[in-house]
Amino acid sequence: MALLSANSTAAVNSSDTRMAGCLLIGIPGLEHLHIWLSIPLCTMYIAALGGNGILICVILSQSSLHEPMYIFLSMLASADVLLSTSTMPKALANFWLGSSHISFNGCLTQMFFIHFLFVADSAVLLAMAFDRYVAICSPLRYATILTSTVIGKIAAATLTRSFVIMFPSIFLLKRLHYCRINIIAHTFCEHMGIARLSCSDISINVWYGLAAALLSTGLDIILIAVSYIHILRAVFRLPSQDARSKALSTCSSHVCVILLFYIPALFSVFAYRFGGRRIPRYVHILLANLYVVIPPMLNPIIYGARTKQILEGAKEMFSNLTKESK
């Protein structure tokens with residue numbers, strides 16, 4: 001019996017278990033609450049889809065909103081919808097139907113799109129910071145700097161950078177040898193979660209993941225901070241309090257979205273790195289799931305509530321739809 005067990009273990013260790021796929025077990029330690037947790041997650045996901053969908057339609061349908069600031073906002077909304085959609089349907093299927101199995105290539109695909117869209121989200125926030133920098137520091141040159149051609153190049157650069165940074169991770173994971181039962185203690189696939197399933201040395205994956213984070217999100221945070229330092233310097237040089245308040249109010253929504261995007265991400269990273277043993281694993285996974293639905297849900301609300309042009313555009317769009325239905 002012992003010999004049979006040893007032979008089975010040796011067979012597993014010598015074979016490649018990628019063909020068997022992966023099992024996403026959800027939130028370990030909270031399996032009994034999966035159904036209850038799915039209710040707020042599903043509600044927030046639907047709200048994110050509805051809110052961002054309406055925001056995109058308003059911006060596309062109203063010619064008065066065809067300006068760089070709102071075009072970047074529609075790009076952010078699109079990335080938010082895709083980011084939440086790359087994770088939530090599978091997580092909800094797991095919670096409701098126990099559909100935990102995913103093929104290995106499917107897992108890699110999900111991992112790629114999650115990280116790709118996160119990097120793209122960060123790049124769009126940087127583009128929006130640049131937009132505010134030009135609008136406040138060089139208002140007379142705003143229309144000549146942020147032309148439709150430049151906006152198109154920024155969009156292309158955003159997608160290209162995200163692809164270049166994340167595409168190698170697929171090959172870095174495929175080169176590894178997988179000899180264990182591929183159980184992932186999460187609701188979705190992510191780079192290091194897959195790498196830890198392997199029996200190979202994953203040092204390159206660890207360093208690549210760190211470098212990718214620093215060269216994308218880390219660099220974006222630095223450039224956004226530099227932009228806002230210049231913005232604040234320009235604002236405080238304005239002669240009147242009213243002018244300063246008006247200038248700052250144009251940045252308030254963007255600052256809220258930046259904080260909503262980066263603070264939970266940084267907290268999750270540092271909590272995982274330095275508080276991994278003190279903070280239960282289910283807390284990390286629950287935060288990761290909330291992170292892909294809460295910012296996408298709140299971003300349209302923040303911009304809709306604080307931006308007069310979007311509110312007026314939404315009223316006009318719904319008014320036109322009501323007239324057409326009659």
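## The model at a glance

What you have here is a predicted model, in which local features need pLDDT of at least 70 and side-chain atom pairs count only at pLDDT 80 or more, while totals for chains, interfaces and linings use all residues. Residues are numbered from 1 along each chain as its sequence is written, and side-chain values use heavy atoms, with hydrogens and water left out.

The protein chain comes to 13 helices and three strands; these are DSSP runs numbered from the N terminus, with helices being H or I of at least four residues and strands E of at least two. Its C-alpha trace spans about 85 × 50 × 40 Å along the principal axes. Of the 326 residues, 45% are buried, where buried means under 20% relative accessible area, exposed over 50%, and partly exposed in between, using a 1.4 Å probe and protein chains only. Among contacts with a separation of 6 or more, 79% join residues 24 or more positions apart; a contact means heavy atoms within 4.5 Å.

## Transmembrane annotation

An unreviewed UniProt entry lists "transmembrane region" for residues 33-58, 70-88, 108-130, 142-167, 206-226, 247-270 and 282-305. UniProt positions are in the numbering used here, feature names are shortened, and annotations may be inferred rather than shown by experiment.

How do two of those stretches look in the model? Residues 142-167 are 92% helix and 0% strand, with the end C-alpha atoms 35 Å apart. Residues 206-226 are 100% helix and 0% strand, and there the end C-alpha atoms are 29 Å apart.

## Helix α7

Helix α7 covers residues 148-174, so at 1.5 Å a residue its 27 residues should span 39 Å, which agrees with the 40 Å between its end C-alpha atoms. The expected span is 1.5 Å times one less than the number of residues. There is a bend of about 25° at Val 164, and a proline, Pro 168, follows within four residues. That bend is the angle between axes fitted to the seven residues ending there and the seven starting there.

Buried residues of α7 include Ile 151, Ile 154, Thr 158, Ser 162, Ile 165 and Met 166. An α-helix has 3.6 residues a turn, so residues three or four places apart point the same way. The buried residues of α7 pack against α3 (68-85), α5 (104-137), α8 (191-195) and α9 (203-236).

Arg 132 sits in helix α5 and is buried, at a relative accessible area of 8%. Leaving aside residues up to four places away in sequence, Arg 132 touches Met 69, Tyr 142, Tyr 228, Ile 231, Thr 250 and Cys 251.

The second largest pocket holds about 520 Å³ of space. Of its 20 lining residues, the closest to the centre are Met 69, Arg 132, Lys 246, Ala 247 and Thr 250. Elements giving two or more residues to the lining are α3, α5, α10 (241-274), α12 (294-306) and α13 (308-325), and α10 gives the most, with six.

For the record, a pocket is an open set of points on a 1 Å grid over the protein atoms alone where a 1.4 Å probe fits, with protein on both sides within 12 Å along at least five of seven lines; a cavity is a set the probe cannot get out of, and lining residues have an atom within 4 Å of a point. Grid points are joined across faces, edges and corners, and a volume is the space filled by probe spheres set on the points.

## Two residue pairs

Gly 50, in helix α2 (residues 34-61), is partly exposed at 32% relative accessibility. Gly 50 and Met 297 are 247 residues apart in sequence and 8.6 Å apart in space, C-alpha to C-alpha.

Ser 203, in helix α9, is partly exposed too, with a relative accessible area of 34%. Ser 203 and Val 257 are 54 residues apart in sequence and 34 Å apart in space, C-alpha to C-alpha.
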